[in-house]
Amino acid sequence: MFTKPRLMAFALATSASAAFALPAVAAGRPFLDRFSSIKTIASAVPVSGNAKGDQNPYGVAVVPRSVGRLAKGDVLLSNFNNAANQQGTGSSIVETSPSGRAQVFAVVPRPTATPAVGLTTALVALRSGFVIVGSLPAPGGSSSAAGAGALTILNARGRVVETYRAPDINGPWDMTAVDRGTSATLFVTNVLNGTVAAKGKIVDRGTVVRITLSIGSGIPRVTSNRVIAGGFGEHTDPNALVVGPTGVGLGANGVLYVADSNGNRIAAVPHALTRTSMLGGGGVTVASGGAINDPLGLAIAPGGDILTVNGADGKIVETAPSGRRLVVKTLVANGAGDLFGLAPAPGGNGLYFVDDAGSGAAANSLQVLR
C-alpha cells in the first residue's frame with residue numbers, strides 16, 4: 001500500500017470495553033532484538049501450470065504437522081495478483097521449505113458463484129491438514145468490481161473440499177486461528193461492508209468475525225459464526241484495492257489484536273473467544289501513530305508482544321500489550337507497499353515475512369529475519 005492513512009478517533013461502544021485494562025508489558029528481551037540479518041528463501045511466483053506468473057504474496061502460514069503433501073515447518077504463501085499484476089485475481093498457494101524448495105501446493109479454482117479469485121492475507125494451516133484461505137475477487141483488478149468472496153477449505157493434498165460463504169464474510173482480508181485439533185476457531189477481518197458503494201470514501205463498517213469449526217474425519221463443519229467487533233474504517237484505494245482492518249492475532253487472556261490500517265493503530269478486542277456481543281468503535285486502541293505507519297500484517301511473538309509490519313515504509317514494529325513501543329526495524333528499505341503477511345518461525349527462531357515488491361531474487365518472495 002502506498003497511501004498513508006489519516007488518523008481517526010474512535011469511541012468505545014460498550015461499558016465492558018471501557019473497563020478493559022490492557023495487559024502489562026511482557027518481561028524479557030524484545031523478540032525482534034534477537035535477530036539482525038535478513039535472507040531471501042524463495043520466490044512465491046509459480047513458474048508453470050495454470051497459475052504461472054501469479055505474484056504479490058499476501059498470506060503467510062507455517063505448516064504445523066506433516067500431512068499429505070504438507071511438510072511440517074514448510075511455509076505456505078497465498079498470491080493476490082495474477083501474472084498481469086491485476087489485484088484480486090491471484091489463485092495460487094505456494095509451499096516453500098526453509099531451505100528454499102518451492103512448489104505450488106494448490107490453485108484455487110473460481111467458484112461458480114464468484115466472478116474471480118483473489119487470495120488474500122487470510123491464510124491458516126491446521127494440524128488436521130486442512131488449509132483455509134480467504135478470497136476477495138476483483139475481476140480485472142478493479143475495486144469497483146470487488147466481490148464479497150469466501151473462505152476456501154483445502155485438504156492436505158491441495159484439493160478444495162468446501163467453500164464457505166455467509167453474509168458476514170464480506171471481503172475476508174486476514175485471519176488467525178486457534179487450533180485444537182478436532183476443532184478450530186477462526187478470527188477473520190472483513191473490508192467490504194459498504195466499501196465499494198462508497199467509491200473511495202471512508203466507511204466505519206469493517207468487522208472481525210469469529211467462526212468455529214468442527215473437524216472430524218470428514219470436511220470441517222461450521223458450528224457458529226458471529227461478528228465480535230465492528231466500526232473499523234475501510235475504503236477503496238487505487239494502489240491497495242482496499243484499505244481496512246488487516247492483520248489479526250490472539251494474545252494472552254483471550255485478547256484479539258487487530259492492525260487497523262485506515263486508523264493507523266493497533267486495536268484490541270477483549271474476550272474474543274467468549275464474546276457474545278459485538279464491540280463497536282473499532283475496539284480499544286492499544287497504540288497509534290509514531291512508528292506505526294499503515295499497519296498491515298500482524299502476529300503475536302513468543303512472549304506475547306505484538307508484531308506489525310508497515311505498509312507505508314517497509315518497517316516492523318514490536319509493541320508490548322500495554323501499548324509501549326519496544327523495537328522498530330527496517331525489513332525493506334524504502335519498502336512502501338512491500339509488506340503484508342508474517343509469522344514467527346517454529347521455536348521462535350526467526351520471523352517469516354513476504355516482500356511483495358523488491359528486485360531480483362527478492363521480488364515477490366518469502367524472507368526470513370534471523
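Ala, Val, Leu, Ile, Met, Phe, Trp, Tyr, Cys and Pro count as nonpolar, Asp, Glu, Lys and Arg as charged, and the others, Gly among them, as polar. The model is predicted, so local features need pLDDT of at least 70 and side-chain atom pairs pLDDT 80 or more, while totals for chains, interfaces and linings use all residues. Residues are numbered from 1 along each chain as its sequence is written, and side-chain values use heavy atoms, without hydrogens and water.

**Stop 1: a cavity**

Select Ile132, Leu151, Ile153, Tyr164, Leu186, Ile211, Leu213 and Val222, which line the second largest cavity. Strand E8 (150–154) and strand E12 (203–214) are the elements that each give two or more residues to this lining; strands (E, at least two residues) are DSSP runs numbered from the N terminus. The lining has 8 nonpolar residues, no polar and no charged.

A cavity is a set of points on a 1 Å grid over the protein atoms alone where a 1.4 Å probe fits but cannot get out, and lining residues have an atom within 4 Å of a point. The volume of the second largest cavity is about 40 Å³, where volume means the space filled by probe spheres set on the points, joined across faces, edges and corners. The count of cavities of 30 Å³ or more is 2.

**Stop 2: asparagine 253**

Next, select asparagine 253, in the loop between strand E15 (245–250) and strand E16 (256–260). Asparagine 253 is not a glycine, yet has a positive phi of about 60°. Its relative accessibility is 67%, so asparagine 253 counts as exposed. Exposed means over 50% relative accessible area, buried under 20%, and partly exposed in between (1.4 Å probe, protein chains only).

**Stop 3: histidine 271**

Finally, select histidine 271, in the loop between strand E17 (265–269) and strand E18 (284–288). Histidine 271 has a positive phi of about 55° and is not a glycine. Histidine 271 counts as partly exposed because its relative accessibility is 45%.

Note on methods
1 Å grid on protein atoms, 1.4 Å probe; cavity = no way out; pocket = protein on both sides within 12 Å on 5 of 7 lines; lining within 4 Å. Helix = DSSP H or I, 4+ residues; strand = E, 2+ residues; numbered from the N terminus.
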